[in-house]
Amino acid sequence: MLDLLVHKATLPDGRSNMSVAVQDGRITDVAPGLQAPATETVDAQGLLLSPPFVDAHFHMDATLSYGLPRVNASGTLLEGIALWGELKPHLTQEALVERALAYCDWAVARGLLAIRSHVDICDPRLLAVEALLEVKRRVAPYLDLQLVAFPQDGVLRDPQAMDKLQRALTMGVDVVGGIPHFERTMADGALSVKLLCELAAAQGKLVDMHCDESDDPLSRHIETLAFETQRLGLQGRVTGSHCTSMHSMDNYYVSKLLPLIAEAGVSIISNPLINITLQGRHDSYPKRRGMTRVPELLAHGVTVAFGHDCVMDPWYSLGSADMLEVASMGLHVAQMTSQAAMRQCFEAVTTSPAKILHLDGYGIEKGCNADFVLLQAQDPIEAIRLRATRLQVFRSGKRVAQSPAATASLHLPGRPQTTSLMHSGR
Ligand code: FE2
């Protein structure tokens with residue numbers, strides 16, 4: 001007897017009328033039209049069954065703190081960092097845990113079941129580290145939370161940061177972070193990349209650095225990150241986040257840089273919602289788009305994910321844990337409008353970040369974890385277009401969230417009585 005049988009599902013790769021069999025929290029079979037007794041049966045009615053959304057770049061220690069102690073007036077990254085510095089001494093563990101848990105509730109409701117969150121270690125109390133490790137334990141049954149030791153004030157600029165970062169890793173933080181563009185000089189930025197990669201190599205940790213989150217075309221720390229990745233044999237274990245300066249770089253230089261990133265096996269995370277609002281603030285017109293070169297990176301075979309980065313914090317006043325909103329913004333800013341590119345945008349919030357996080361058992365395949373989301377859409381493109389309702393969310397074969405279908409009643413002469421905005425004419 002199966003625990004769960006989902007049938008008549010469409011999968012993201014286009015296979016339709018698929019059944020997914022679940023036993024003991026794992027997928028035991030994926031095939032068309034399976035018949036087997038099951039404790040629970042779900043009729044997907046031809047809708048899209050996707051593996052859960054994954055956010056590869058988030059700041060859970062700052063989330064839902066919007067307006068504390070004040071709002072970012074300039075809208076810049078640097079004022080956001082200063083604002084966070086004002087807030088830090090007033091943080092309490094209880095408030096941090098409560099806000100993070102509230103955000104995880106939103107995430108589960110949105111079918112977002114794995115998050116990589118940076119946690120600021122530039123605080124002698126390491127309060128946020130303790131709080132997020134507690135949150136990680138508490139949400140583990142329903143959400144994978146991976147933590148990055150993030151030296152917000154610069155690992156060299158803050159003289160105690162390396163020590164605090166090491167303490168955070170010892171306490172159980174998973175990944176080594178960095179912020180080379182915030183160090184005082186280009187040379188210090190490059191040195192910080194080298195030191196942090198060496199630390200990660202020595203301790204067998206993954207690396208995810210905020211890298212070149214700037215409009216300065218000469219901010220080239222991603223080059224150092226790729227070089228150090230190769231030098232230390234860290235291929236497949238290193239990620240550069242944001243990388244917005246690449247938008248403004250000289251094209252000839254980028255033609256050299258992209259193959260280096262690809263050869264080094266460095267992944268890139270772009271955060272379209274945040275960087276389209278933070279970047280270009282010193283421009284008049286034309287104003288640059290604050291996003292790295294996503295289609296070009298993908299064309300070179302680089303793994304690229306879209307991250308949410310911020311929700312209601314010193315850097316960004318909006319957001320709701322909706323990775324389809326993130327994918328939609330990425331699609332628009334990068335002009336990824338072909339059928340293939342729109343599907344890549346869906347992958348950038350599902351399979352690609354799962355790869356970056358090294359998630360085990362991710363996917364709708366035999367032997368994978370029984371984690372999936374039934375969306376009110378017929379395919380990944382429609383899911384992005386509609387930011388589709390998450391009808392049902394499953395974790396280890398158990399339902400952890402559900403939402404009513406989005407439909408509107410119409411009161412129009414000679415027209416149907418309802419519409420869901422799904423396009424039936426295909
Ligand atoms: Fe970030």
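**Sheet, iron site and backbone features of the predicted model**

Val148 stands opposite Val175, a residue of strand S9. The two strands concerned, S8 (residues 144-150) and S9 (residues 175-176), pair in the parallel sense over two bridges; pairing here requires at least two bridges found by DSSP, and strands (E, at least two residues) and helices (H or I, at least four) are DSSP runs numbered from the N terminus. The structure is a predicted model, in which local features need pLDDT of at least 70 and side-chain atom pairs count only at pLDDT 80 or more, while totals for chains, interfaces and linings use all residues. Residues are numbered from 1 along each chain as its sequence is written, and side-chain values use heavy atoms, with hydrogens and water left out.

Turning to the metal, the iron ion is coordinated by His57 (NE2), His59 (NE2), His210 (NE2), His242 (NE2) and Asp309 (OD), at 2.2 to 2.7 Å. Donors are N, O and S atoms within 2.8 Å of the metal (3.2 Å for Na, K and Ca), and sites may look incomplete because water is not among the atoms. Along the chain, the donors follow the spacing H-x1-H-x150-H-x31-H-x66-D. Distant parts of the chain are linked by His242 in strand S11 (residues 238-242) and Asp309 in the loop between S13 and helix H11 (323-333), 67 residues apart. His242 is buried, with a relative accessible area of 1%, and Asp309 is buried at 2% (buried means under 20% relative accessible area, exposed over 50%, partly exposed in between; 1.4 Å probe, protein chains only). Asp309 also has a positive phi, near 75°, although the residue is not a glycine.

A positive phi in a residue other than glycine is found for Lys8 too, at about 60°. Lys8 lies in strand S1 (residues 2-9) and is partly exposed, with a relative accessible area of 40%.

Finally, two peptide bonds deserve a look. The bond joining Leu68 and Pro69 is cis, with omega about -10°, and Pro69 sits in the loop between S6 and helix H1 (77-87). The bond from Tyr285 to Pro286 is cis as well, with omega near 0°; Pro286 is in the loop between helix H9 (272-278) and helix H10 (294-299).
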